[in-house]
Amino acid sequence: MKKIILFLTIFLVLVIFPFFRTANPENRPGLSLEDTFWVYVRAVQNSDLKSLFSTVTDEEDFFFLTSRGQLIDSRQGYYKFHKDWFREKDWEMPVELLDFKEGKEYGYTTAIFHYKSRMPEGRRYGLDSYFTLIFHKEEGMWKVIGDVCTPVNRYFTDENEGIKYTSDQAYTLNIIKNRRTVRKFKPTPVPKEHILKILEAAHYAPTAGNQQPWKFLVIQDKKSLASLEKEALSWYLEEYKIRRKPTEEELAKTEEALQKVLANVLSAPVYVAVLVDSNAKYPDYILYDGTLAAGYLMIAARALGYGTGFFTSFFPEKKMKMFFKIPEQYQLICFTPIGVPEEWPEAPPKKKLEELIILESF
Ligand SMILES: Cc1cc2nc3c(=O)[nH]c(=O)nc-3n(C[C@H](O)[C@H](O)[C@H](O)COP(=O)(O)O)c2cc1C
């Protein structure tokens, strides 16, 4: 007898009670609008489509504005949206009811949800959004006929859950992280508007004493670039012969390989020679000023979807100044392409941040 009682107790605790605890209530005639709202919310939180749609109109006409601004105007669409969403795991969505009004035929609730989920790469993602549900009475039951979401905050968190990044912050940091040196481009043109936006960003870089010693020489002329390709090849080989004293065979091999590299490096539709004026007020700082502007240029270009490169060795300053008839007083910081990459290269290995950070003193 004791064994039977023990078995029944275990059965009730493990099987029956949890079932009752997790089973979601469904809508029924006579339920208040506020209680119907909580049936709706619990159903969402438990990914329970059946319980959720007991609170949704039976009519096909529906109005749902998602927090991404997408309009879904049918019950079927609303159903599919939730079905797809409920397949996702590892999310939670606490809800606060802010206000509600229960009229005779119509009513509404205004609430806020705090959606928390994980991105595929593991980062935590959050979305806070108001949502207003419009209810209509159908056969004695309150049924949702409209759902309007108004997002107020999107954010990401890394390890420290207390620190949130808005999508603007995460986007800016990602642009910096994803800038790449690109050495082969598509012929896709870069509109003048974009070139100006990129140079505008470059000219917001800091400079010593705000001296802004730059000139940005923009080159788009195809003939000029084709001629530069030939010249750059001869400049490099000239240097190579002096430095390496190669055999005929080595020279021919290097020339062939270099021709390909230069054709790729010079395949972009736009190039900018970043120059600094050595007659500036603080000439000792012009190299910093120029380099920072080049960095800003590269990040702005990345934000608009373009690859760049801080190219120096193929384009030696003396030769470039002669080629482009650059006045004596200017120094060349770098020659950078701006163009749509043939493909975005993988990031080259970067040192671990811990290797680079010294806290307080060496
Ligand atoms: C001062 C400086 C000079 C560089 N010179 C060249 C160059 O002559 N040719 C080239 O292909 N890349 C050049 N680069 C680009 C680097 O090779 C590139 O930044 C590095 O490999 C890291 O790749 P990432 O820019 O994609 O992060 C230069 C970069 C800097 C900062």
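Helices are runs of at least four residues assigned by DSSP and numbered from the N terminus. In this predicted model, helix H11 covers residues 353-356 and includes Leu 353. Leu 353 has a relative accessibility of 55% and therefore counts as exposed, the cut-off for that class being over 50%. Together with Leu 356, Ile 357 and Leu 359, Leu 353 makes a nonpolar surface patch of about 440 Å².

Open spaces in the protein were examined next. The largest pocket has a volume of about 590 Å³. Its lining consists of 24 residues, and those nearest the centre are Ser 67, Phe 81, Trp 85, Tyr 115 and Leu 127. At least two lining residues are supplied by each of helix H2 (33-45), helix H4 (75-87), strand S4 (106-118), strand S5 (124-138) and strand S6 (141-157). Strand S4 provides the largest share, with four residues. By class, the lining of the largest pocket comprises 14 nonpolar, five polar and five charged residues.

The second largest pocket has a volume of about 210 Å³. The residues that line this pocket are Arg 123, Asp 158, Tyr 165, Ala 170, Leu 173, Asn 174, Lys 177 and Asn 178. Helix H5 (residues 167-178) gives the most to this lining, namely five residues. Three of the lining residues of the second largest pocket are nonpolar, two are polar and three are charged.

Attention then turned to charged side chains, among which nine salt bridges were counted. One of them joins Asp 58 to Lys 143, with the closest N and O atoms 3.7 Å apart. Asp 58 lies in the loop between helix H3 (49-53) and strand S1 (61-65), whereas Lys 143 belongs to strand S6, so the pair ties together parts that are 85 residues apart in sequence. Asp 58 is exposed, at 53% relative accessibility, while Lys 143 is buried, at 5%.

A further salt bridge links Lys 80 and Asp 84, where the closest N and O atoms are 2.7 Å apart. Because these two residues are four positions apart in helix H4, about one helical turn separates Lys 80 from Asp 84. Glu 238 and Lys 319 also form a salt bridge, with an N to O distance of 3.2 Å. Glu 238 is in helix H7 (residues 222-244) and Lys 319 in helix H10 (residues 317-323), so this pair ties together parts 81 residues apart in sequence. Finally, salt bridges with shared partners join Asp 58, Arg 75 and Lys 143 into one network.

Technical notes: Residues numbered from 1 in each chain as written. Predicted model: local features only at pLDDT ≥ 70, side-chain atom pairs only at ≥ 80, totals over all residues. Heavy atoms only, no water. Patch = residues over 30% accessible without salt bridge, like charges linked within 9 Å, V, L, I, M, F, W, Y side chains within 5 Å. Areas by Shrake-Rupley, 256 points an atom, 1.4 Å probe, with all protein chains shown as cover. Salt bridge = Lys/Arg side-chain N within 4 Å of Asp/Glu carboxyl O. Buried < 20%, exposed > 50% of the residue type's maximum accessible area, 1.4 Å probe, protein only. 1 Å grid on protein atoms, 1.4 Å probe; cavity = no way out; pocket = protein on both sides within 12 Å on 5 of 7 lines; lining within 4 Å. Points joined across faces, edges and corners; volume = space filled by probe spheres on them. Nonpolar A, V, L, I, M, F, W, Y, C, P; charged D, E, K, R; others polar.
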